[in-house]
Amino acid sequence: MRLFNKKYKWDGYWETCYFLKEFNIDQEIDIQFEDELSEIPKPKDSQINAVTYIINNQSKILNRLCESFLSEYKKWKEIYDEHLPEMKSIDDVKKHIEISSIYIDLPEKEGLSYIGYRGGCSWDEEHGIGFIHIN
């Protein structure tokens, strides 16, 4: 928790902000830790492990998120039709999405909590885009 002590606050859940240069160049990203109805006094070790993983693997994670989007691109194209820009590479996807929030959930696998990523996208300003990372 040493990385985050200066910005932790408690109001029913843990929340902090962190500058992840690979995710969003101009601003810090909101990171929220889920709890069990405010009964846990601090984030679980698996949640701290998840944040540490994110910090240490930013580029790798963003590339995986973009790859996962590309693997489903045809399905998304059917839904959004002409609103979805042509994207054929990871770099193309990066131009059209921006991660703004990360959610560190309670369920875990192999000592790492599930991680949710949420943000904006150029083709659906109202709803944006989201991903979930299960180790």
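In the predicted model, Asp81 occupies the loop between α3 and α4. The phi angle of Asp81 is near 50°, a positive value in a residue other than glycine. Asp81 counts as partly exposed because its relative accessibility is 43%, a value between the 20% and 50% cut-offs. A positive phi is also found at Glu110, where the angle is near 55°, again in a residue other than glycine. Glu110 belongs to the loop between β4 and β5. With a relative accessibility of 69%, Glu110 is classed as exposed.

Confidence was considered next. The protein chain has a mean pLDDT of 85, and 85% of its residues reach 70 or more. Over residues 1-6, however, pLDDT stays under 50. For residues 1-6 the model has nine contacts beyond four places in sequence. Where pLDDT is low, predicted coordinates should not be read in detail.

The largest nonpolar core comprises 34 residues. Those with the most contacts inside this core are Phe69, Ile99, Ile102, Ile104, Tyr117 and Trp123. Both helices and strands supply two or more residues to the core: the helices are α1 (45-56), α2 (58-71), α3 (73-80) and α4 (90-94), and the strands are β3 (29-33), β4 (97-109), β5 (112-121) and β6 (129-133). The most is given by α1, with six residues. In soluble globular proteins, nonpolar side chains tend to be buried together.

The surroundings of Trp123 were examined with neighbours within four places in sequence left aside. On this basis Trp123 is in contact with Phe69, Tyr80, His83, Leu84, Pro85, Met87, His96, Ile97 and Ile129. Of these partners, Phe69 is, like Trp123, among the core residues with the most contacts.

The helices α1 and α2 pack with their axes 5 Å apart, at an angle of about 90°. The two helices are therefore roughly perpendicular, as angles of 65 to 115 degrees are classed in this way. On the α1 side the contact is formed by Tyr53, Ile54, Ile55 and Asn56, and on the α2 side by Gln58, Lys60, Ile61 and Arg64. Sorted by class, the residues of this contact are four nonpolar, two polar and two charged.

Tyr53, part of the contact between α1 and α2, also touches His133. His133 is located in strand β6. Because its relative accessibility is 13%, His133 counts as buried, the cut-off being under 20%. Apart from residues up to four places away in sequence, His133 touches Tyr53, Tyr114, Ile115 and Tyr117. Among these, Tyr117 is one of the residues with the most contacts inside the largest nonpolar core.

Notes. Residues numbered from 1 in each chain as written. Predicted model: local features only at pLDDT ≥ 70, side-chain atom pairs only at ≥ 80, totals over all residues. Heavy atoms only, no water. Core = buried A, V, L, I, M, F, W, Y, C linked by side-chain atoms within 4.5 Å. Buried < 20%, exposed > 50% of the residue type's maximum accessible area, 1.4 Å probe, protein only. Helix = DSSP H or I, 4+ residues; strand = E, 2+ residues; numbered from the N terminus. Contact = heavy atoms within 4.5 Å. pLDDT = per-residue confidence, 0-100. Axes fitted to C-alpha atoms, helices over the stretch in contact; angles between N-to-C directions. Parallel < 35°, antiparallel > 145°, perpendicular 65-115°, else oblique. Nonpolar A, V, L, I, M, F, W, Y, C, P; charged D, E, K, R; others polar.
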